[in-house]
Amino acid sequence: MKTQTVYKPTGGLTDRPLSYCPGCTHGIIHKLVGEVLEEKGLLDETVAIASVGCSVMSYEFFNCDTQQAAHGRAPAVATGIKRVRPDATVFTYQGDGDLASIGMAEIVHAAHRGENITVVFVNNAIYGMTGGQMAPTTLIGQKTTTSPRGRDQGNTGLPLRMSELLATVPGSTYLERVSVHDPKHIRKAKKALEKAFDVQEKKQGFSMIEFISTCPVNWGMTPNDSLNWAVDNLIPYYPLGVYKDATKGDDNA
Amino acid sequence: MKRITILTGHYGSGKSEIAINLAIQDELNALIDLDIINPYFRSRSARKLLEANGIELIESTIENSAGSDLPFISAKGSRPFVNSDLRAVYDLGGTKHGAKVMMQFRDFIKNRDEIDFLVVVNIYRPETDQAKKIIQMVEELEATSQIRVTGFINNSNLMEYTDESMIEEGERILKEAAGTLNLPIVYTFIEEHVKTTKRYAGDNRVLIRYLAKQWL
Amino acid sequence: MAKVLMKGNEAMALAAIKGGCDAFFGYPITPQNEIPEYLSYHMQEHGRVFVQAESEVAAINMVYGAAGAGARVLTSSSSPGIALKQEGISYIVGSELPAVIINVMRGGPGLGGIQPSQGDYNQVTRGGGNGDYHLLAFAPETLQETVDIVKQSFDLADYYRNPVMIAVDGLIGQMMEPVDIDKEVEQKTLEEKTWASDGTSGKRGRVNKIVSLHLDPYDLEKHNLKLKAKYDEMVEKEQRYEMIDTDDAEIVIVAYGSMARIARSAVKELRNEGVKVGIIRPITIWPFPEKAFDELPESVHTLLTVEMSLGQMLQDVKIVNQGRYQLEFYGRAGGVVPEASEIMDQVRKHLKGAK
Ligand SMILES: Cc1ncc(C[n+]2csc(CCOP(=O)(O)OP(=O)(O)O)c2C)c(N)n1
Ligand code: SF4
Ligand SMILES: [Mg+2]
């Protein structure tokens with residue numbers, strides 16, 4: 001009988017067991033990033049910037065040089081590295097609290113300067129690490145530990161859409177929102193990541209892939225229910241797709 | 001000396017000290033401090049001294065701006081251009097960025113013949129230590145101020161280390177630049193402590209340091 | 001090379017280039033603007049990096065990134081901006097990275113003013129960031145000394161893998177003084193930065209991690225003890241100070257930076273009057289030069305601390321003094337720069353038999 005490898009762990013990740021809760025999509029996203037870096041042969045020349053959030057330990061998981069950044073500051077740290085080591089591939093891995101709240105200035109200005117870096121943005125509509133508080137991306141009505149009656153617009157405004165926001169920043173180059181709730185979408189998400197690292201390799205500027213992600217633990221749902229909740233609630237508010245592709249019409253693209 | 005002298009140049013070239021010296025030595029009516037570059041050591045710090053000498057100090061739109069870095073220049077700064085009875089010296093902030101403030105007064109300047117626009121040069125400032133750098137600076141100053149430079153002031157010094165040879169070296173380099181640009185050296189300023197009987201280019205003046213404290 | 005006349009900020013910027021600074025990240029604030037302005041023009045000429053960041057917070061985190069990638073990095077700011085950088089400084093220390101930070105101090109608290117001050121003494125020597133750490137902190141007095149220290153600081157930062165702060169008050173940033181920018185300074189023998197996380201793991205054959213997170217308290221304690229050992233080494237080796245006219249002094253002024261310049265003037269005049277007065281001038285404010293106080297002669301009865309702040313360094317003098325001498329204090333704040341005559345009056349007031 002012919003054997004077929006159906007699953008092989010990616011060399012893009014170390015053999016440290018991932019710290020994420022079972023069914024949390026942070027794990028899938030890690031695997032995709034690891035695979036893309038490995039397949040593109042970039043691991044040897046990459047620096048990954050871990051942010052503060054559930055992915056704080058990601059510097060232990062990505063099998064490349066890593067640096068751990070303060071909450072929200074990963075794009076500034078990436079800027080520092082990329083400017084002095086322009087040949088290295090540099091990416092940040094950030095949650096929605098990290099990127100859309102405390103690190104809003106750093107992400108907007110990294111895009112604004114057109115930093116040639118890639119951002120992996122994991123939007124789970126909540127502060128996972130600190131125990132499920134409201135994030136700027138939390139949906140209206142969504143209950144969190146700091147919006148116990150459900151997020152209400154009068155008090156907290158409307159959820160921020162970061163891909164749409166960054167698309168208005170003239171310096172950004174490639175922005176796409178993806179999801180990892182089923183194999184088809186996972187394949188699509190991987191393509192998006194490949195594109196983003198391509199953009200960086202071709203020195204075309206700032207790229208970000210926003211992942212719709214889940215937090216079963218803090219959402220208080222089974223992993224399966226949380227995937228369905230993301231499809232039914234998050235994706236309608238955060239539609240998937242390419243929000244900006246400034247590489248089109250470019251000879252190098 | 002023309003009715004109005006405007007001093008420009010690199011920062012730290014000695015414009016403010018020279019402005020105060022000229023105002024006192026020539027009994028001018030006003031000193032206009034338009035320095036929007038430096039936060040300290042501006043001619044406005046010498047308010048008491050100037051006023052004691054009957055010289056009006058025109059500076060900012062905010063009272064006692066000696067401690068501020070707000071660039072608010074006073075509209076009164078245009079008075080000498082309009083009132084031909086006034087003899088005045090203008091002290092601009094350093095570099096082309098300081099000189100661009102003159103654009104605010106362009107429409108008031110009626111008679112350019114009454115104005116000397118002088119570039120203060122100290123060749124011991126690394127940014128103006130060669131004729132070609134000085135020439136380039138003059139071009140930049142003219143571009144942002146929209147006023148033609150009419151001459152140079154040689155203020156080459158190393159403060160307490162200054163001696164005759166430094167003034168001479170300054171004159172040599174400055175003459176090279178002045179020659180290329182076909183401009184005169186209008187004044188040479190000589191540090192108070194340098195005892196010399198030599199004659200240097202232009203009007204020779206003593207430089208008394210009013211802004212720098214003894215311990216600086 | 002011969003001396004040139006430079007403005008303090010400009011001289012520090014040029015000294016950084018001479019000291020091998022690869023990259024600068026900063027944000028405008030008076031009275032240090034000439035540093036980024038100068039570097040924005042000149043770093044490019046040397047093929048080096050200049051970035052105006054969106055804030056001091058971003059700037060220090062860019063420093064953190066670039067230092068982690070093995071570069072020699074500089075940032076500069078003034079007091080309120082340094083306050084914003086404290087988070088990043090703590091991360092840089094925690095990750096054991098070298099960096100040089102210039103603080104051209106102005107009056108505070110809050111937006112304060114733009115005139116010269118030494119009100120950041122605590123911010124510089126105690127730090128505003130979290131955790132058990134210190135910066136090697138210099139407070140030079142003349143532009144020549146400042147330039148020499150800026151050049152050396154890149155070596156010192158690399159040697160200790162710890163940030164170095166150069167704290168000057170606005171006067172030193174803004175004043176003009178002749179300097180020899182190429183004067184030789186002592187250099188350290190440095191190891192290669194094999195720890196840098198710079199995207200060359202392929203060549204290196206292993207990955208590097210730059211991290212300040214240690215979730216196991218025993219592990220974190222061990223890390224803290226390792227840092228402590230470096231601080232002990234600094235206390236032992238890096239104390240710098242100058243003893244001025246102390247040999248037969250009865251009163252000794254303790255003053256640093258511009259305040260020491262003013263004190264020098266006062267001492268010169270007082271000595272002409274026959275008053276036996278000298279100065280201890282700390283050149284490092286962390287480590288505080290305790291050794292200087294052990295060198296004082298028997299004749300001393302009083303230490304007069306003078307600051308352009310209201311008794312911040314005085315705390316260190318108290319710690320070091322341990323009851324040895326009578327302690328007196330004179331300070332001006334908010335950007336007011338005292339005259340030499342004020343210090344002379346203070347000295348006269350505290351002479352034995354005065355009043
Ligand atoms: C300066 C600072 N403030 C607050 C925190 C606490 N904190 C840690 S993670 C986090 C939120 C992370 O949420 P997110 O970025 O969405 O990541 P997730 O855990 O959801 O993946 C907060 C507030 C911190 N570490 N540092
Ligand atoms: S808390 Fe939420 S986001 Fe964090 S690992 Fe667990 S499931 Fe994932
Ligand atoms: Mg989150």
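1. A word on terms before the chains: contact here means heavy atoms within 4.5 Å. On that basis, 33 residues of chain A are in contact with 37 residues of chain C. Please keep in mind that this is a predicted model, in which local features need pLDDT of at least 70, side-chain atom pairs count only at pLDDT 80 or more, and totals for chains, interfaces and linings use all residues. Side-chain values use heavy atoms, with hydrogens and water left out, residues are numbered from 1 along each chain as its sequence is written, and chains are lettered from A and ligands numbered from 1 in the order in which they are written.

2. Which pair of chains has the most contacts? Among the 2 pairs that touch, it is chains A and C. No contact joins chain A and chain B, and their closest C-alpha atoms lie 24 Å apart.

3. The size of an interface is often given as the accessible area lost when the parts come together; buried area is that loss for two parts (1.4 Å probe), summed over both. Chains A and C bury about 2500 Å² between them, with 56% of it on carbon and sulfur atoms. On the chain A side, A:Asp65, A:Gln67 and A:Arg85 lose the most area to chain C, together 21% of what that side buries. There are 3 salt bridges between these chains, a salt bridge being a side-chain nitrogen of Lys or Arg within 4 Å of a carboxyl oxygen of Asp or Glu. One of them links C:Glu87 and A:Arg73 (3.0 Å, N to O).

4. The contact between chains B and C takes 24 residues from chain B and 27 residues from chain C. About 2400 Å² is buried between them, 58% of it on carbon and sulfur atoms. In chain B, the residues that lose the most area to chain C are B:Tyr11, B:Tyr40 and B:Trp215, together 31% of what that side buries. The count here is 1 salt bridge; the side chains of C:Glu10 and B:Arg125 meet in a salt bridge at 2.8 Å, N to O.

5. Strands (E, at least two residues) and helices (H or I, at least four) are DSSP runs numbered from the N terminus, and two strands pair if DSSP finds at least two bridges between them. Strand β2 (residues 65-68) of chain A runs parallel to β9(C), with 2 bridges joining them; A:Thr66 has C:Lys209 as its bridge partner.

6. Within chain C, strand β1 (residues 4-7) and β8(C) pair in the antiparallel sense over 4 bridges, and C:Met6 is partnered with C:Glu177.

7. Lastly, ligand 2. Which residues lie around this ligand? They are A:Tyr20, A:Cys21, A:Cys24, A:His26, A:Cys54, A:Asn124, A:Cys215, A:Pro216 and A:Asn218, where near means a heavy atom within 4 Å. A:Asn124 is in the loop between β4 (118-123) and α6 (153-156) of chain A. Leaving aside residues up to four places away in sequence, A:Asn124 touches A:Asp96, A:Ser213, A:Thr214, A:Cys215 and A:Trp219.
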